[in-house]
Amino acid sequence: MSQNVSLDGTDLRLLQELNADARASGAVLAAAVGISESTVSLRLKRLRSLGVIRGFHLDVDPTALGVGLQALISIRLAKHDRTEIDAFTAAAPKFPGVVRMYHMAGADDYLLHIVATDTAAVQSFVLEYLTRYPAVAHTRTNLIYRVEDGSAWIPDQL
């Protein structure tokens, strides 16, 4: 996890522009932010080295690939045995269909975002991958009707 770093308005503008289009060229970013391309390059290198920018990722529409169902599965652990938790934490992100895993505080311990072809595939996922872990006491599945990405989470200033 990266440390709390000091960012100025230019850094925040670069992040906002990249959030809108992570494939924007240096020239486009320079024009949008009002700095030179070489400054864009230096700032992006700094933001990556500080861990502010963790990477650039492909965003694939699961429906286009025939996996049109998405679900959030809440997982509550039976006991908090370190060995069992570590085994589950290492394995779960690699289960087929897992988009993202969250470790949380509250009534549930984990939240898995998965994609599947249909409800039978979701049921199979729960039975095949989650119930085999002794640490898993309870699951609750919520189907996702629609996903909308947020775009305003990067502040204008810090």
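Which element gives the most residues to the lining of the largest pocket?

1. Helix H1 gives the most, with five residues. This is a predicted model, in which local features need pLDDT of at least 70 and side-chain atom pairs pLDDT 80 or more, while totals for chains, interfaces and linings use all residues. Residues are numbered from 1 along each chain as its sequence is written, and side-chain values use heavy atoms, without hydrogens and water.

2. The largest pocket holds about 1,900 Å³ of space. A pocket here is an open set of points on a 1 Å grid over the protein atoms alone where a 1.4 Å probe fits, with protein on both sides within 12 Å along at least five of seven lines; lining residues have an atom within 4 Å of a point. The volume is the space filled by probe spheres set on the points, which are joined across faces, edges and corners.

3. Of the 45 lining residues, Asn-19, His-57, Arg-100, Asp-149 and Trp-153 lie nearest the pocket centre. Two or more residues each come from helix H1 (9-20) and strands S1 (69-77), S2 (98-103) and S3 (110-116); helices (H or I, at least four residues) and strands (E, at least two) are DSSP runs numbered from the N terminus.

4. Because domain 1 (9-50) and domain 2 (62-144) both contribute to the lining, the largest pocket lies between them. The domain bounds come from an automatic or database domain assignment.

5. Pro-96 lies in the loop between helix H4 (82-91) and S2. Pro-96 touches Phe-125 and Tyr-129, leaving aside residues up to four places away in sequence; contact means heavy atoms within 4.5 Å.
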